[in-house]
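Thanks, everyone. Let me walk you through one model this morning.

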Amino acid sequence: MPGVLTIREEGEARRHVFERHAVVGRDPDCDVSLASRSVSRRHALLEKTTDGWYLRDLGSANGTFLGGGRVTEVPLSTGAALRFGEVEALFEVVVKKTTSAERLISSLSIPLSIPLSIPLSIPPARKARPVAVFVVTTVGILLLATATIWARYCDRAPTKAGARAGAPLLTGS
């Protein structure tokens with residue numbers, strides 16, 4: 001289950017999703033990079049262990065706080081209010097919702113050869129582009145109009161100059 005850290009900094013909220021761990025700090029190489037001068041370059045570490053998620057301070061100058069109290073290492077639960085220096089954050093654990101197809105497959109007693117982590121849905125097809133539809137329709141109409149005009153022209157044109165209906169044949173004498 002991935003962790004989500006929602007940072008409130010400079011009047012805006014940003015969400016950061018991570019699977020195993022995230023380093024929070026002012027350094028641009030950190031997983032969660034903050035701009036505040038109250039945050040150390042490598043301020044804190046959020047890490048997933050076998051026991052759950054943990055928050056560890058990495059020796060920051062202005063401290064890492066959980067619910068108002070300064071911490072060095074503490075287990076995290078979803079909805080935990082954090083603070084890195086003066087920057088507020090909210091930690092959550094994303095719980096994956098199972099689809100009805102996954103519940104049905106897991107309820108079957110037949111062993112499946114595919115793992116359930118593979119998505120069972122088919123992605124939607126790409127929508128037709130309006131310009132392409134317009135071009136194809138226009139070309140089709142032009143071809144149809146050209147074929148109609150050509151057919152009408154061929155019906156009116158004589159097949160041979162001397163083979164007109166009603167024209168007398170000239171014989172020599």
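Start with strand E1, residues 3–9, and strand E11, residues 87–93: the two pair in the antiparallel sense over 6 bridges. Strands here are DSSP runs of E with at least two residues, helices are runs of H or I with at least four, and both are numbered from the N terminus. Two strands pair if DSSP finds at least two bridges between them. Within this pairing, Arg8 stands opposite Glu88 in E11.

A word on the source. This is a predicted model, where local features need pLDDT of at least 70, side-chain atom pairs count only at pLDDT 80 or more, and totals for chains, interfaces and linings use all residues. Residues are numbered from 1 along each chain as its sequence is written, and side-chain values use heavy atoms, with hydrogens and water left out.

Now the sheet. It is open, has 6 strands, and runs in the order E2-E1-E11-E10-E7-E8 with antiparallel pairing. Which strands stand at the edges? Strand E2 (12–18) and strand E8 (69–71) do; each has a single partner strand, so one side of each is left without a neighbour in the sheet. Neighbouring strands of this sheet are turned by 30° against each other on average, direction ignored. Those angles use axes that are lines fitted to C-alpha atoms, for helices over the stretch in contact, and run from 0 to 180 degrees between N-to-C directions.

Step back to the whole chain. The protein has 2 helices and 11 strands. Of its 173 residues, 25% count as buried. Buried means under 20% relative accessible area, exposed means over 50%, and partly exposed is in between (1.4 Å probe, protein chains only).

Next, salt bridges: a side-chain nitrogen of Lys or Arg within 4 Å of a carboxyl oxygen of Asp or Glu. The whole structure holds 3. One joins Arg14 and Glu9, at 2.8 Å from N to O. Arg14 is partly exposed at 26%. Glu9 is buried at 8%.

What links Glu47, Arg56 and Glu73? A network of salt bridges does. Glu47 and Arg56 have their closest N and O atoms 2.9 Å apart. For Arg56 and Glu73, the closest N and O atoms are 3.8 Å apart. Arg56 lies in strand E6 (residues 52–57) and Glu73 in strand E9 (residues 73–75), so this pair ties together parts that are 17 residues apart in sequence. On accessibility, Glu47 is partly exposed at 26%. Arg56 is partly exposed at 30%, and Glu73 is partly exposed at 48%.

Last, the aromatics. Rings of Phe, Tyr and Trp (its six-membered ring) pair if their centres lie within 6.5 Å; planes under 30 degrees apart count as stacked, over 60 as edge-to-face and the rest as tilted. There are 3 aromatic pairs in the whole structure. Take Phe18 and Trp53: centres 5.5 Å apart, planes at 75°, so edge-to-face. Phe18 sits in strand E2 and Trp53 in strand E6, so the pair ties together parts 35 residues apart in sequence. Buried or exposed? Phe18 and Trp53 are both buried. Together with Phe91, Phe18 and Trp53 form one aromatic cluster.
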